Amino acid sequence: MVFSLLSRIYYGFIRPPPAHKQDDAIRFGLIGASQIAPIALIAPAKSHPEVIVAAVAARDRDRAASYAKKHDIPIVHASYQALLNDPSIDAVYISLPNSHHYEWALRALKAGKHVLLEKPSTANAAQASALFTHPLATAPNAPVLLEAFHYVFHPAWQTFLALLRDPSAGRIESAFAAQYMPAGLVAPAGDIRWRYDLAGGAMMDFGTYPLHALRQMPGQEPVKGSLGAEARLLDRAKYRGFEREETEVDEYMRAWFRGDGGAEARMEADLSVTGGWPFLPASWTRGVAGDGVAEV
Ligand SMILES: NC(=O)C1=CN([C@@H]2O[C@H](COP(=O)(O)OP(=O)(O)OC[C@H]3O[C@@H](n4cnc5c(N)ncnc54)[C@H](OP(=O)(O)O)[C@@H]3O)[C@@H](O)[C@H]2O)C=CC1
Ligand SMILES: O=C1OC[C@@H](O)[C@H](O)[C@H]1O
């Protein structure tokens with residue numbers, strides 16, 4: 001089992017076997033020369049016959065050019081809008097700070113591009129509602145707009161949901177979801193996740209997973225007025241190299257609410273775990289229905 005896992009990681013992300021591309025393969029452009037694009041799209045696309053990563057745009061042309069060279073991407077654009085104006089691009093992958101998702105998703109839809117939009121799709125509820133109900137996204141022939149919560153396509157997650165959605169499982173009594181990150185592992189000082197002005201923080205980064213997970217279980221849409229939450233603000237003493245005063249961003253948060261099916265739901269997100277378990281990024285989701293418990 002361990003060998004199979006390591007081999008899937010190796011061939012999926014480190015040395016993907018190159019595929020012969022179909023003539024009608026989707027040509028993706030990257031909006032932002034981001035840290036996550038190589039693992040999320042560039043490497044997996046190499047072995048996919050229907051996907052080509054054809055272009056990258058960054059705020060700085062030289063940075064875009066060196067990123068393109070490193071990742072073997074043929075077209076370089078010196079601005080995000082120049083990439084959107086490129087007629088050879090069918091779809092864009094937007095992996096910018098959360099604060100920038102709404103603007104660039106709308107601009108991409110306006111340019112007629114399909115959009116794979118990093119999570120969370122926007123920086124707040126008003127933007128989410130405006131984006132997903134916008135005629136550019138809802139018209140009959142509108143481009144596809146997809147938020148990049150990739151875990152929903154995993155068979156383990158679909159099995160978990162099927163167990164809870166099975167009518168014989170009974171009503172969900174309680175649900176819990178959590179996501180933990182060891183301090184400094186993925187969010188060192190200076191990272192976009194620690195910037196309030198870029199819509200960072202534990203809730204906006206890791207917290208989006210548990211909240212998203214809870215809301216997919218039957219009867220878990222939060223009832224208005226039932227929500228409570230607590231947060232611990234960033235403790236800069238844990239990190240070296242902070243240049244800015246950051247006092248507003250959360251490094252840990254938990255929340256609870258009543259789902260519209262009557263269940264008690266709880267969630268927790270910690271971007272800064274120190275000592276003990278977990279020493280790797282970890283995520284748990286549990287639903288209790290009748291006499292049964294489903295966990296993933
Ligand atoms: N689905 C998943 O599993 C994951 C999703 N994500 C999401 O992807 C997004 C990007 O994350 P990540 O790749 O770690 O981010 P990066 O730190 O790599 O930043 C992404 C891009 O944002 C631009 N940028 C960086 N700092 C600023 C700034 N101060 N002001 C304006 N733009 C800035 C840069 O664009 P340029 O290149 O043009 O300079 C950069 O390439 C986030 O929304 C995150 O939540 C992240 C990790 C995993
Ligand atoms: O979405 C994410 O998943 C992986 C994490 O490392 C990262 O912080 C987050 O943005």
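Q: Which residues is alanine 37 in contact with, leaving aside its neighbours within four places in sequence?
A: Alanine 37 is in contact with Leu30, Ile42, Tyr93 and Ser95. Contact here says that the C-beta atoms of two residues, placed from the backbone, lie within 7 Å. This is a predicted model: local features need pLDDT of at least 70, side-chain atom pairs count only at pLDDT 80 or more, and totals for chains, interfaces and linings use all residues. Residues are numbered from 1 along each chain as its sequence is written, while chains are lettered from A and ligands numbered from 1 in the order in which they are written.

Q: Is alanine 37 buried or exposed?
A: Alanine 37 counts as buried because it has 23 C-beta neighbours inside 10 Å. The cut-offs, with C-beta atoms placed from the backbone, are 20 or more other C-beta atoms within 10 Å for buried, 12 or fewer for exposed, and partly exposed in between.

Q: Where is it found, in which helix?
A: Alanine 37 is in helix α2, residues 37–46. Helices (H or I, at least four residues) and strands (E, at least two) are DSSP runs, numbered from the N terminus.

Q: New topic. How is the protein divided?
A: There is a domain 1 (2–148) and a domain 2 (152–295), with bounds from an automatic or database domain assignment. Their C-alpha centres lie 25 Å apart. Domain 1 puts 6 residues into the contact and domain 2 puts in 7 residues.

Q: And the ligands: which residues come nearest to ligand 1?
A: Ser34, Gln35, Ile36, Ala58 and Glu118, out of 19 residues around ligand 1. A residue counts as near if its C-beta atom, placed from the backbone, lies within 6 Å of the molecule. Domain 1 and domain 2 each give at least three residues to this shell.

Q: What surrounds ligand 2?
A: Lys119, Val186, Arg193, Asp205 and Pro281.

Q: Now the sheet. What is the strand order?
A: The open sheet of 6 strands runs β8-β9-β10-β7-β11-β12, with mixed pairing. Strands pair if DSSP finds at least two bridges between them. β8 (228–233) and β12 (292–295) each have a single partner strand, so one side of each is left without a neighbour in the sheet.

Q: How many bridges join β8 to β9?
A: 6 bridges, and the two strands run antiparallel. Glutamate 230 stands opposite arginine 254 in β9.
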